[in-house]
Amino acid sequence: MGKKRKVHSLTGRIDDRLLMQSFKAVKRNRGAAGIDKVSVGMFEENLDANLAALKRDLKTRDTFVAKPLRRVFIPKDAKGKSFRPLGIPAVRDRVAQEVIRRLLEPIFEPLFHDCSFGFRPKRSCHKAIEKLLEFHEEGDRVTLDADIAGFFDNIPHKLIVDAVAEEVADGNILNLIWKFLAAGVMENGVFKPTTIGTPQGGVISPLLANIVLNKLDWRLEQAGYRFVRYADDFVVVCKDRVQAKAALELVTEVMTELGLSLSPEKTKIASYGKGYDFLGFRLSSKSRTMRTKSEEKFKTKIREITRRCHNLDAEVIKKLNQVIRGTANFFATKFSTCIKLFQKLDRWIRMRVRSMKFKRKWSNDNYRLRKRNLQNKLGLLGLLDFTQTTMSKTSR
C-alpha cells in the first residue's frame with residue numbers, strides 16, 4: 001500500500017480574494033473587539049492596508065504573532081451560578097483564523113463521519129435530533145448520553161496539531177495553528193498563558209474540535225454503534241443497557257487515548273421511553289420539547305426585560321420579541337411537541353407585561369390590557385405564532 005499523500009503548499013493559496021472573503025465572514029458574525037480594542041468597523045476603515053499586512057505576515061513563516069484573547073465569562077445556567085469562559089480574539093486574528101479555517105475545511109470535511117453535525121456546512125442541531133429520532137424509530141431505544149468534561153479547555157495542543165498534520169504537510173500552516181492555540185488570554189488585565197485547550201470563541205476552534213473527535217466517531221463506527229455527535233455533546237443509541245455499558249467502556253477508552261475524560265454528572269445511560277436531554281431539547285417517546293434548563297433560561301431573559309421598576313414601552317416590546325422569536329425559531333420545529341408549553345409560556349409572558357404596565361399582579365388586569373391589544377396595538381409576539389408552518393397543531 002502506497003504512502004499516504006498529504007496536502008502541501010496551503011500557504012500558496014492565501015491570496016487577496018481569500019483574505020477578503022474571510023474578512024466578510026468575520027464582519028457578518030460581528031462580535032466584540034479584542035484586547036487591542038479595534039472593532040470590525042475600525043479594521044475596515046483601512047481594510048486594504050490591513051489585509052495586505054496580514055497576508056504578508058501569514059505567508060512569511062515565523063512572522064505572524066497572535067495577540068492574547070480577551071477573556072469574558074458568560075452564564076452556563078439560568079441562575080448564573082456557573083460560567084463558561086470565552087476567548088475573544090482581535091479582529092485581525094479572527095480574519096487570520098478564518099483564512100486557515102477556509103483552507104483546512106475542504107480537506108477534512110470529506111473525512112468526517114456522517115453522524116457528526118456540529119459546526120459543519122448544511123448541518124444543524126435540528127438535523128442532529130432528526131437523525132436521533134430516526135434511530136429511535138428503527139428500534140434503538142436505550143441511549144448513552146455523553147458529555148466530555150471541559151472539552152474545549154482541555155484538548156492537548158499537540159493532539160490538535162498532530163491530528164491536522166495527519167493530512168497537512170505545510171509547516172507554516174501548522175505553525176500558525178500552534179500560535180493561535182498558544183496566544184494566551186488577558187483576564188482582568190493579567191496575561192495568562194494557554195498551554196492546553198482551544199478557546200471557545202475562536203473562529204477555528206469548532207473545526208479543530210471536529211478534527212480531534214473524528215477519531216471517536218470512526219471508532220464507534222468500527223465497533224458497530226450508531227450515534228449522533230454535535231461538537232463535544234453526543235448520544236450513542238443502543239438496543240439495551242448491556243450494549244450501552246459496552247459503548248461507555250469504548251468511549252472512556254478513546255477519551256483516555258485523547259487525554260480527555262467524560263463528565264460523570266452529564267454522562268448517563270437513559271432510555272427513549274423515559275427521555276433524556278440533548279441540544280436544549282427533552283427527547284422521549286412521548287414528547288420532544290424544551291428541556292427544563294432551556295425553559296428556565298428563557299424565563300430568566302423575559303424576567304430581566306419585564307421588571308416592574310421599568311416602564312412598558314416600544315423598546316421593551318422589541319426586546320421581548322427578539323427573545324421570543326429566537327426561542328421559537330429554535331424550538332418550533334416539525335418534530336417538536338411544544339404547543340401546550342408554548343401556550344403556558346405565552347400566558348406567563350402576558351402576565352409579566354401586564355404586571356410591568358400596572359406595577360402589580362392582579363387577574364382583573366387581564367381585562368384592562370387584553371391579549372388582542374397586546375398583540376395588535378403593542379405588537380407583542382407569542383411563541384405560538386411561530387408554530388403555524390412548523391409544528392402540527394395536534395402536537396401535544
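Contact here means heavy atoms within 4.5 Å. I am working from a predicted model, where local features need pLDDT of at least 70, side-chain atom pairs count only at pLDDT 80 or more, and totals for chains, interfaces and linings use all residues. Residues are numbered from 1 along each chain as its sequence is written, and side-chain values use heavy atoms, with hydrogens and water left out.

**Entry 1: a helix pair.** I took helices (H or I, at least four residues) and strands (E, at least two) as DSSP runs, numbered from the N terminus. I looked up helix 4 (residues 91-108) and helix 8 (residues 171-181): their axes come within 11 Å and cross at roughly 135 degrees. Axes are lines fitted to C-alpha atoms, for helices over the stretch in contact, and angles run from 0 to 180 degrees between N-to-C directions.

Next I checked who touches whom. From helix 4, Asp-93, Ala-96, Gln-97, Ile-100, Leu-103 and Leu-104 meet Ile-173, Leu-176, Ile-177 and Phe-180 of helix 8. I noted eight nonpolar residues, one polar and one charged in this contact; Ala, Val, Leu, Ile, Met, Phe, Trp, Tyr, Cys and Pro count as nonpolar, Asp, Glu, Lys and Arg as charged, and the others, Gly among them, as polar.

Entry 2: I found an open sheet of four strands in the order 2-1-4-5, with mixed pairing. Strand 2 (83-88) and strand 5 (190-192) are at the edges with a single partner strand each, so one side of each has no neighbour in the sheet. From one strand to the next, the twist averages 40 degrees.

I then followed strand 4 (residues 185-187), which pairs with strand 5 in the antiparallel sense over three bridges; pairing requires at least two bridges found by DSSP. Met-186 has Phe-191 in strand 5 as its bridge partner.
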